[in-house]
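Please open the structure in your viewer and keep the selection tool at hand. The tour below goes from stop to stop, saying what to select next and what is there.

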Amino acid sequence: MGHLDVTKNNQTALFEQVEKSRLFFITNQRNLMSFLGAGMVVPAKSQFRYKKDSRELFNGAVPLWKARIPNISKTFPHIDQDRAVVIEFDFTHLETFLENGRILDQEAVVVMNAPLPISAIKSIYLKSQQAIDDFLLRLTDDVIADPALFEVLDDASTIDTINVESDYEIKDLEDPLKVINFVDRFGGAVMSLNLLSNSNSSQVDYATLLLLVCVEHWGFGNTKSVDPEKIPSIPTDDREIIKALLDILSNTYPERGFDPDNVLTEIEKKLRPLRPEYREGVSRWLDFCKKVVNSEKDVPELNDKGDIIKRGVLLFLLRPDLERLRSAPDSSINPGSSVFLVANFLSGFFTGMFRIGSEYKGSFSQYSQFCQSLLDSFWCIRNRHFESVHESDAIYGASQILKINGITLFSQKVEKNLSLARVQSIARSTRYDMQYDYKEHRLSYEMTLDKGRKRKVYIELVKPLIGGSEVIRFISPCQDLKGSKRKRVLTKNKVLDLLLRNSRDDMYCSFAVSDSMEAIVVEATQIVRTMDDDEFELLLNHVATVADEYEHE
C-alpha cells in the first residue's frame, strides 16, 4: 500500500499542524449536492447514493488534506475533472469533530470517520464560473447553498499539490450511520414541528414529549433529568406504539413508497411482548386502523377530545407525506391541533432532514447552524443533560426550549391566548399591569390592600359556555392545602363554614378548593365578551379583599 512519509512520530505535534493548515476535501458535484442537502459531509458508507471520490483512498473515511492537495486527475481518475469539487474547511469550526472522529493523522492528511458539519465550510471550489452557475441552477428543492462560498478552482493559486502513490490500508471502520441516521430523522421531526405546529401550551408540551421519547429510545441519553411536571405523561401502550413506529420509520425511505397496512402489521409484531392488559386494547386499535386505511371504515373524528397519540398516528398513516398532511386542517378530516402535531412529528421523522424541503430548512446559515447543533449534541457530547424550559421576553413573548447541555435543540414560540390577551388589555386600561404566565397560560397581579398587605390574584380561562362564549375565573388563594395540610384543614366543619359564607348576601364570589393551586381559594367567574372596565376592577378587588379578610380573621 502507498503511504505518505511521516517526518514526526509525535501525533500531538502532527495534530497541532492541523490548526495552522488549510484543510481540503476532494469530491464531485453529485456528492456536494448530497452534502448540502444533508447538512454534513459523511463517510462513504453513510451517504445515500454515494459516487466515488477521494474517500476511496481511505476505505470510505473522509480525508482532509493539510495545506496541499493531491493532483486530482492523477490520483482520482474516477472523478470527472469537469465536475471535480474541492471543499475547504475552517479548522476553528472542526476542532471538536477532529478530536472525536480522527482515525489517521499524518504530515499531509488527517482522516476522519465522522460527520463534518457544512457550517465549517470556508470555500467550495469548482472548475470554472460556468460550472458554479450550472451547479447553483440545478439545486433541488431539498438543497440549500450559499453562493458566496463558491470560488473558481483555477483562481485558487494558493492551493499547492502533492504526489500520492496509491491506496491507504484502513480496515474495519466503525460505521457512524446510527448517529447520522438519527440526526437525519430527528432533525426532520424538529423542522416539521417548527414550521407546521401552531403554538399553544398543550401542543408545545406534546412536542417536547415526543422528542424526548425519540432521544431516549435511540439510547442518546436519559431524559429523566427533565422535570416531569413540565411535560405530559402518556399511557404505556401509546408510548410503545410510538417507539415501535419510530423503529419502523427509521428503516423506511419515502422514495421507496409507504404502505400503511404493512406498517400496522409491523407495529403489531413489535408489540406482541406487551403485557396482556395493554395488548388487547392495542390489537383492537390496530384492527380498526387497518379497516380505516383500507377504506372499510370511515375516518373517525380526529379532534383533541380522545386519545391524542393514537389519533395522531392514524392521521399520519392516512397522510404520511408532509405536503398532504399540511392540508389536513382544511380538509374534511379537520384534526385537532394536538392530533395534527403528533402526525406532523411522525411525518417529519419519516421524511428526514436530508429530504425535507427548503422552506423547512430556512437560509443556508440557519440550516447549517441547526445541523451543527444536532451533531454537537449527538456526536460530540457523550454525557447529556436535558432541560425543557420556558423563557420569557418582554418584547418577543415566550418560547419553550428543549436544551441538551445548554445547546438549544428545539425552540417554539408560545403565543398568548387571545381571550386572556384581551383581558390583559382591559386590565392595563384600568391601570392594572397584569403579567402573562406563558407556562400556565393565566394572568396574575399583586394587589396592595389596606395596611400595605399584598394579595395575589390570578385570572384563568375555564370551559366556554354552550354557545361558545369565553369565560374567565378570578382566583386568589387564601389557605394552603399542600401535603398533609389538606386532610388536616378540610374538616367537615371547615367545609360547612365555607358553604355558609358563600350564601351571604354580600358575597359576589365564592370559596372553593383548587387542586391545581393546592389551596382554598376565593373565586368569581365572568363572561369575557360582556365584561367592561368597571366589572373587571370590581371583581378583581372584591376577590382580593374577601381572600385577605378570610386569611387574617
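Begin by selecting Phe-316 and Phe-350, both of which are buried, a word used here for under 20% relative accessible area, with exposed meaning over 50% and partly exposed in between (1.4 Å probe, protein chains only). This is a predicted model, in which local features need pLDDT of at least 70 and side-chain atom pairs count only at pLDDT 80 or more, while totals for chains, interfaces and linings use all residues. Residues are numbered from 1 along each chain as its sequence is written, and side-chain values use heavy atoms, with hydrogens and water left out.

Stay with these two rings, since the centres of Phe-316 and Phe-350 are 6.2 Å apart and their planes stand at 75 degrees, which makes the pair edge-to-face. Rings of Phe, Tyr and Trp (its six-membered ring) pair if their centres lie within 6.5 Å, and planes under 30 degrees apart count as stacked, over 60 as edge-to-face and the rest as tilted. Phe-316 belongs to helix H11 (residues 308-318) and Phe-350 to helix H13 (residues 337-351), so that the pair links distant parts of the chain, 34 residues apart; helices (H or I, at least four residues) and strands (E, at least two) are DSSP runs, numbered from the N terminus.

Next select Phe-511 and Tyr-550, whose ring centres are 5.0 Å apart with planes at 55 degrees, so the pair is tilted. Phe-511 lies in strand S19 (residues 510-514) and Tyr-550 in helix H19 (residues 533-551), so this pair ties together parts 39 residues apart in sequence. Phe-511 is buried, with a relative accessible area of 8%, and Tyr-550 is buried with a relative accessible area of 8%.

A search of the whole structure finds 19 aromatic pairs.

Now turn to charged side chains and select Lys-243 and Glu-240, which form a salt bridge with their closest N and O atoms 3.3 Å apart; the term means a side-chain nitrogen of Lys or Arg within 4 Å of a carboxyl oxygen of Asp or Glu. Both residues lie in helix H8 (residues 236-250), three residues apart, about one turn of the helix.

Finish with Asp-433 and Arg-428, another salt bridge, where the closest N and O atoms are 3.0 Å apart. Asp-433 counts as partly exposed at 43% relative accessibility, and Arg-428 as partly exposed at 45%.
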